[in-house]
Number of protein chains: 2
Amino acid sequence: MASYHHGDLRRVLLSAAAEAIAESGPAALSLRELARRAGVSHAAPAHHFGDKAGLLTAFATQGFDLLADALRQAGDDLLDTGVAYVGFAVRHRAHFDVMFRPELYRADDPELIAARARSGELLRGGVARHTGREPDADALAAWSIVHGFATLWLSGALPPRVGDDPEAAARTVIRRLFS
Amino acid sequence: MASYHHGDLRRVLLSAAAEAIAESGPAALSLRELARRAGVSHAAPAHHFGDKAGLLTAFATQGFDLLADALRQAGDDLLDTGVAYVGFAVRHRAHFDVMFRPELYRADDPELIAARARSGELLRGGVARHTGREPDADALAAWSIVHGFATLWLSGALPPRVGDDPEAAARTVIRRLFS
DNA sequence: CGCGGAATCTTGTCGGTGACAAGATTCCGC
DNA sequence: GCGGAATCTTGTCACCGACAAGATTCCGCG
């Protein structure tokens, strides 16, 4: 099976990228290192993604799709949706890290824009169901608080006192928005 | 004045870094490009900062000090403190970008830890004065919502409908936490 | 004043990286 | 089973970060 054609390179590279980025961040990502992990030549990745920005565009798109899945699975409850957002960030740290850093990829890519819109709609929908009001300001507040908590958690900026269960801590924090 | 000794290189490099990072993110930062902007040889920056991580450590430390200044100027009101946090992120985008990405610098640097603690104390203090309660959960919620809003704003992920005045929009969002 | 060490900066070099070009190999529709 | 297309390789170039060695300037101390 060690044929000239790898056959599955695109997926393997994306998954290797997830590993590498989770380990040391998108800045340290090297296409040549990915190629080495996949056992192909140093120029093979360029064929599938064009360049580094192309790979990260595909990676971010995959991330927005994964986020949409996670939000759908969380159901209709707004609190659960928020917890799911944080859970996604923790479980798919590498994707989350790239998705909100548009200077790393091509933010005008049509597939990426579509995937981002899908996940955004799920977020806004949850808020609208919960409050009944015009969702703009509420959705923005809800998005901000879960996004902020997730970001701070991932950056390691939170004091140890918060504990080691991000989803439980997130639930407590999100509740403050409804009191 | 074009002497062998530049005399002010350290500060010039930090300010050039702020420009370069604001333009295209910390990932694209190049020590050699900074040296070129400052008019010195390609190896001069290494003398002051050791390596790239050293420069970003100093840069992040400067950022935490600037944040502390901004929070102090905002006064005692919690809402104003939150708005000031967002204002800092927008006005010092480059610093904010680096401060919460510890994989880019040496997070165990003593000066950095001290500066971070100073700004953190100002945040927690504002919350304690406002609620009177045990500040942990409230502070975390307040920090999360302003940090999240600032991050989303900077990433360009927010829809145009939010407007072009980040501090005004932040004020609206933060108010949701107290209603 | 001036000497000598320390601080500051330069030059030169090395391995690693992203991008590109050209060529080799394999796949697949017809 | 032929031929174009897709996939991958090899080779190359400029740029970058890190390091080593040397040049220049500054400054404390006699």
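**Notes on the two-chain model**

1. Let's start with burial: 39% of the 179 residues of chain A count as buried (20 or more other C-beta atoms within 10 Å of a residue's own, with C-beta atoms placed from the backbone; 12 or fewer would be exposed, and anything in between partly exposed). Keep in mind that this is a predicted model, where local features need pLDDT of at least 70 and side-chain atom pairs count only at pLDDT 80 or more, while totals for chains, interfaces and linings use all residues. For bookkeeping, residues are numbered from 1 along each chain as its sequence is written, and chains are lettered from A in the order in which they are written.

2. On the fold, chain A has nine helices and zero strands (DSSP runs numbered from the N terminus: H or I of at least four residues for helices, E of at least two for strands). Its C-alpha atoms fill a box of roughly 60 × 35 × 30 Å along the principal axes. If you take contacts in chain A between residues at least 6 apart in sequence, 68% of them join residues at least 24 apart (a contact means C-beta atoms, placed from the backbone, within 7 Å).

3. The contact itself draws 32 residues from chain B and 32 residues from chain A. On the chain B side, the elements giving two or more residues are helix H8 (135-155) and helix H9 (166-175). H8(B) supplies the largest share, 15 residues. By class, that side has 17 nonpolar, nine polar and six charged residues (nonpolar is Ala, Val, Leu, Ile, Met, Phe, Trp, Tyr, Cys and Pro; charged is Asp, Glu, Lys and Arg; the others, Gly among them, are polar).

4. Last, the core. The largest nonpolar core has 97 residues, and A:Ile145, A:Val146, B:Ile145 and B:Val146 touch the most other members (such a core joins buried Ala, Val, Leu, Ile, Met, Phe, Trp, Tyr and Cys residues through C-beta atoms within 7 Å). H8(B) gives the largest share of this core, 11 residues. Leaving out residues up to four places away in sequence, B:Ile145 touches A:Ala141, A:Ser144, A:Ile145, A:Gly148, B:Val173, B:Ile174 and B:Leu177.

Technical notes:
Contact = placed C-beta atoms within 7 Å.
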